[in-house]
Amino acid sequence: MKVYFDHNATTPLHPEVKKEMAEAMDMFGNPSSMHAWGREARANVEDARRRIAAFVGAQDDEIVFVGSGSEANNTVLSLFVCASNMCIPGTKMRSTIITTKIEHPCVLETSECLAHRGARVKFLDVDRYGKVDLDQLADMLGDDVGLVSVMMANNEIGTIQDIETIAKMAHESGAMMHTDAVQAVGKLPVDVQRLGVDFLTISGHKIYGPKGVGALYVKKGTPYCPLIRGGHQERGRRAGTENTLGILGLGKAVDMRAIEMEAEKQLLGDMKAVLKKGIEEQIDDICFNGHPTESLSNTLNVSFPGAEGEAILLYLDLEGIAVSTGSACASGSLDPSHVLLATGVDAERAHGSIRISLGRGSTMQEVEYMLDVLPRTIQRIRNMSTAYIKGGAHAASR
Amino acid sequence: MLQAGEWVYSEKLKEHFMSPKNIMQGENTDEFDGVGMEGNLQCGDQMMVVINVDKEIQVITDCQWKTYGCASAIASTSILSEMVKGMTLDQAFHISPKDVAKELGGLPDNKIHCSVLGDKALRAAINNYYVRNGMEDKVKQEQVKTICQCMSITDHDIEDAVLEGARTYFELQERTKIGTVCGQCKDEAESLLEKFKHIHFGV
């Protein structure tokens, strides 16, 4: 049996998206051209933009197509270190950026880079469930802060933040608000008006759309400066000939999300509950990571002390099951998941964590297969682990 | 279109990961002649090696293990346990991580450090055997030499940094802060850097 439980990493194309993109393969016109070929491409790009805008409660001209979620995040953060002060007046006075310790690396690494270029960056702590500390945010906010960037839902543990409140706090102190909603859009209702954000990041391939395309919501009237220059595309906001096929795919993906999201959320939530219960009942000494309720219904993160994550991942791979892990060994670095460490989980539990992320194709049969394979996999790894020998770290727990 | 590629690991390593040899059964280490353990769970790798020795001829007759770690950690202890059977204690003491990696058909660079603990644990087990059998004089301590007095960095720290990816003096400094105060150790540190690069990566 082949079981793909890694939908937070990426998703397969929705069949309808595939159909739409296949049909559009011959539409090669440059949307900037004035002739018929160009006008056809332009019409389709603008139609996709309109549907995507509607899906998140934005106006058409507030959506900028970009190459990825990472590019969208880089674009927003990079607005705040411009020395000229010309494009975004006032940013020189407000050169502090507040973000969190659990952001995606494209935010964390960009922030660190910006710190070298003169910005001040402050990182918010999270509690044991991964929720941002709002009191700390209140303390950090001040007239030096230009931007608050907090992800809406975390990719590793699924914890959902109260973006509405955070945006309100940011605005009250005169800062702008960005949320990386890559994992939230298409899984939760997302409305930029209700959230009150100035910037919001969307990615195509997390919602059964194609890779290599994302969208950035920029609230009307918000100062802006492009990351990629040299063309008038996207109203001067992102140079480079539009990825027409990708944009069409993203448009269709959003359409399908609008239809399927609500029912799917319930279904995946039920599967997650079965998984959670099964793991709890069949495997000793485990802990779940992330928020017990305010969490994505498709994401389950669990730690198995005494077992190392890369070994778990690869033994599951041999049985046809795909998951991901917070272990250092699978990432090529020496540190385990920064997200789990930020929630106060110790390094061993982080090394021994796996993330199961369900998706629209997931079935209860797959969940049952997982519950058959996972307990014996953990048993097998723990049997060869030093953790349970006489005098070992977990000797007493058996 | 291409099918799914192979793992980052060699076939040989995959084999040992799928069917590890000589895993110690049970939890009691007292019934073995020598026991050695290295690493810890917080770092993501811990290995224990136990040996039985033919006391007449000082040859390892059995070697079993437990490992907490990734696929290359599991496979490298497994293959190590096969390699040392029939070796004299002296031969076994001189097995290097490079020998283990070679036997496994090579390891990705960022995984070399996962195979280092096995031979360390083996040496600890051999020393433990000497101690238990009244041969303290044969115990060989791992020589540790402080290279950077200011930051208290040893040759082992430099070796670890190389195994973790440091290839230039700058990268070594980034990882260890070596030579960032008085800087007098630079020449010695650079020559050790070259030495460990050569030992572990043949460059």
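**Notes on a two-chain predicted model**

1. Chain A comes in two parts: domain 1 (3-8 + 261-384) and domain 2 (15-256), with bounds taken from an automatic or database domain assignment. Before going on, note that this is a predicted model, where local features need pLDDT of at least 70, side-chain atom pairs count only at pLDDT 80 or more, and totals for chains, interfaces and linings use all residues. Residues are numbered from 1 along each chain as its sequence is written, while chains are lettered from A and ligands numbered from 1 in the order in which they are written.

2. How far apart are the centres of the two domains of chain A? Taken over C-alpha atoms, domain 1 of chain A and domain 2 of chain A have centres 28 Å apart. Their contact draws 21 residues from domain 1 of chain A and 19 residues from domain 2 of chain A; two residues are in contact if their C-beta atoms, placed from the backbone, lie within 7 Å.

3. On the domain 1 side of that contact, helix 9 (244-282), strand 10 (299-303) and helix 11 (338-342) of chain A each give two or more residues. Helices here are DSSP runs of H or I with at least four residues, strands are runs of E with at least two, and both are numbered from the N terminus. Helix 11 of chain A has the largest share, with three residues. By class, this side of domain 1 of chain A has four nonpolar, 13 polar and four charged residues. (Nonpolar covers Ala, Val, Leu, Ile, Met, Phe, Trp, Tyr, Cys and Pro; charged is Asp, Glu, Lys and Arg; the others, Gly among them, are polar.)

4. Have a look at strand 2 (residues 63-66) of chain A, where A:Ile63 and A:Phe65 point one way and A:Val64 and A:Val66 the other, and all are buried. Buried means 20 or more other C-beta atoms within 10 Å of a residue's own, exposed means 12 or fewer, and partly exposed is in between, with C-beta atoms placed from the backbone. Strand 2 of chain A pairs with strand 8 (residues 214-218) of chain A in the antiparallel sense, over four bridges; pairing takes at least two bridges found by DSSP. A:Val64 sits opposite A:Leu216 of strand 8.

5. On to chain B, which has eight helices and five strands, in the order α-β-β-β-α-α-α-α-β-β-α-α-α. Buried residues make up 43% of chain B.

6. Helix 5 (residues 112-132) of chain B has 21 residues and reaches 32 Å from first C-alpha to last, close to the expected 30 Å, which is 1.5 Å times one less than the number of residues. This helix is mostly covered, with 17 of its 21 residues buried. Just after helix 5 of chain B, B:Gly134 takes a positive phi of about 65°.

7. Where do the chains meet? The contact takes 23 residues from chain B and 24 residues from chain A. Helix 1, strand 2 (45-54), strand 3 (59-68) and helix 2 (71-84) of chain B each supply at least two residues to the chain B side. That side has 12 nonpolar, eight polar and three charged residues.

8. Last, B:Lys14, in helix 1 (residues 11-18) of chain B. B:Lys14 is partly exposed because 18 other C-beta atoms lie within 10 Å. B:Lys14 and B:Ala75 are 61 residues apart in sequence, yet 7.5 Å apart in space, C-alpha to C-alpha.
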